[in-house]
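Reader: I would like a close look at a single part of this model, the place where the ligands are held. Please take me through what surrounds each of them and which atoms come together there.

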Amino acid sequence: MESVANQRIARVSAHLQPPNSQMEESCVLKRTDCRAKGGAPGFKVAILGAAGGIGQPLAMLMKMNPLVSVLHLYDVVNAPGVTADISHMDTGAVVRGFLGQPQLESALIGMDLVIIPAGVPRKPGMTRDDLFNINAGIVRTLCEGVAKCCPNAIVNLISNPVNSTVPIAAEVFKKAGTYDPKRLLGVTMLDVVRANTFVAEVLGLDPREVDVPVVGGHAGVTILPLLSQAKPPSSFTPEETEYLTKRIQDGGTEVVQAKAGAGSATLSMAYAAVKFADACLRGLRGDAGVVECAFVASEGGIAKGEKGAGGKHSEGDFLHQEIVSIQLKQII
Ligand SMILES: NC(=O)c1ccc[n+]([C@@H]2O[C@H](COP(=O)([O-])OP(=O)(O)OC[C@H]3O[C@@H](n4cnc5c(N)ncnc54)[C@H](O)[C@@H]3O)[C@@H](O)[C@H]2O)c1
Ligand SMILES: O=C(O)C[C@H](O)C(=O)O
């Protein structure tokens, strides 16, 4: 009886104390002896920059996504801590952590979807372009790893400035001979999430009932909310249109200023990234009519749009011929 009780206590304390090799040895039941967890069918997802302000809540939410069977968390700092923490959640995905450049390839092999929020965020007074010098190099290195280890993975690129990091990633993939514009998606979902929220506020609707396409890029006036295409169909006064357009375009700066030097949007971004990643996984699964906005390469540099399985917008619908590179998406 006493030995059974001791075994139980040893098992409980193994969960409460941070793991180290000494503890593994002293445990009655070693972790390596445990039966494999998970095994449910699903997709393999890697988050690069998983210990950051976006990365941590993003990792938590992806661990809750039933479409994910394996979740790899990579960062140059604190990846083991975040991994240990997230791995205790009793959801299906198996979580593994990877720390530093020597483990990048192991983090990427076999992945279906790679989400990249690695890089520095801006502080008040900075533009997203001010992040270019640091983040361009980070994105280049990470995408070289993707090209080598999981060239068919869909890449969701969050690191700013998205208007520049997406073309950088495209060049890396072209050089490696793995470029597929359908698989390289700059994440602009936060602009859509903001547009839905602010439009719902103005119209007095539940934000969950609102869907506003936002095309263009992810900086200032390159962010183009298509209020005329909002669902449910709505009309706006010129004052409402001006207010909404500016608020959506300046949403990132609003958060940067409110955080007063402590970074930029992280929680709403993690929410938006998971909404977008989930759409990608549903697209990969073969679901019909998966349609979201993203910053992607487009032919001829003109806005085009598809409405999922439902039909096509004509280019003229958008009346934004100045747009350099855009937009919607059929993810598969
Ligand atoms: N696309 C969008 O809508 C959107 C929204 C918000 C933030 N962002 C951008 O996302 C990026 C991250 O923001 P954050 O608030 O999470 O920043 P953060 O500083 O909190 O986290 C960034 C993480 O990246 C890691 N990192 C740095 N270099 C790395 C490398 N070479 N490999 C792997 N990981 C590395 C850091 O260790 C850190 O954990 C910023 O560039 C920010 O501007 C984009
Ligand atoms: O504004 C930023 O710097 C972060 C992000 O691009 C955002 O839109 O919140």
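Author: What follows is a walk around the two ligands, one after the other.

The model is a predicted one, and the distances below are computed from its atoms.

Ligand 1 sits in the second largest pocket, where 29 residues surround it, the closest being Gly53, Ile54, Asp75, Val120 and Asn160. Among the secondary-structure elements, strand E2, which spans residues 68-75, and helix H6, which spans 132-149, are the ones that give two or more residues to the shell around this ligand. Of the elements, helix H6 gives the most to that shell, with 3 residues. Sorted by class, the shell around ligand 1 is made up of 18 nonpolar, 10 polar and 1 charged residues.

Several polar contacts can be picked out around ligand 1, and they involve both backbone and side-chain atoms of the protein. From the backbone, an N or O atom of Gly52 lies 3.2 Å from an oxygen atom of ligand 1. From the side chains, a polar atom of Asn135 lies 3.1 Å from an oxygen atom of the ligand, and an N or O atom of Asn160 is 2.9 Å from an oxygen atom of ligand 1. On its own, ligand 1 has 860 Å² of accessible area, and the protein covers 85% of this.

Turning to ligand 2, the space that it takes is likewise the second largest pocket. The residues around ligand 2 are Arg122, Arg128, Asn160, Leu190, Arg194, His218, Gly252, Ser264 and Ala265, and by class this shell divides into 2 nonpolar, 4 polar and 3 charged residues.

The polar contacts of ligand 2 listed here come from side chains: a polar side-chain atom of Arg122 lies 2.5 Å from an oxygen atom of ligand 2, a polar side-chain atom of His218 also lies 2.5 Å from an oxygen atom of this ligand, and an N or O atom in the side chain of Asn160 is 2.8 Å from an oxygen atom of ligand 2. Taken alone, ligand 2 exposes 260 Å², of which the protein buries 95%.

Note on methods: Residues numbered from 1 in each chain as written. Chains lettered and ligands numbered in written order. Predicted model: local features only at pLDDT ≥ 70, side-chain atom pairs only at ≥ 80, totals over all residues. Heavy atoms only, no water. Near = heavy atom within 4 Å. Polar contact = N/O pair within 3.5 Å; in protein donor to acceptor, adjacent residues only side chain to side chain. Areas by Shrake-Rupley, 256 points an atom, 1.4 Å probe, with all protein chains shown as cover. 1 Å grid on protein atoms, 1.4 Å probe; cavity = no way out; pocket = protein on both sides within 12 Å on 5 of 7 lines; lining within 4 Å. Sits in = over half its atoms within 2 Å of the grid points. Helix = DSSP H or I, 4+ residues; strand = E, 2+ residues; numbered from the N terminus. Nonpolar A, V, L, I, M, F, W, Y, C, P; charged D, E, K, R; others polar.
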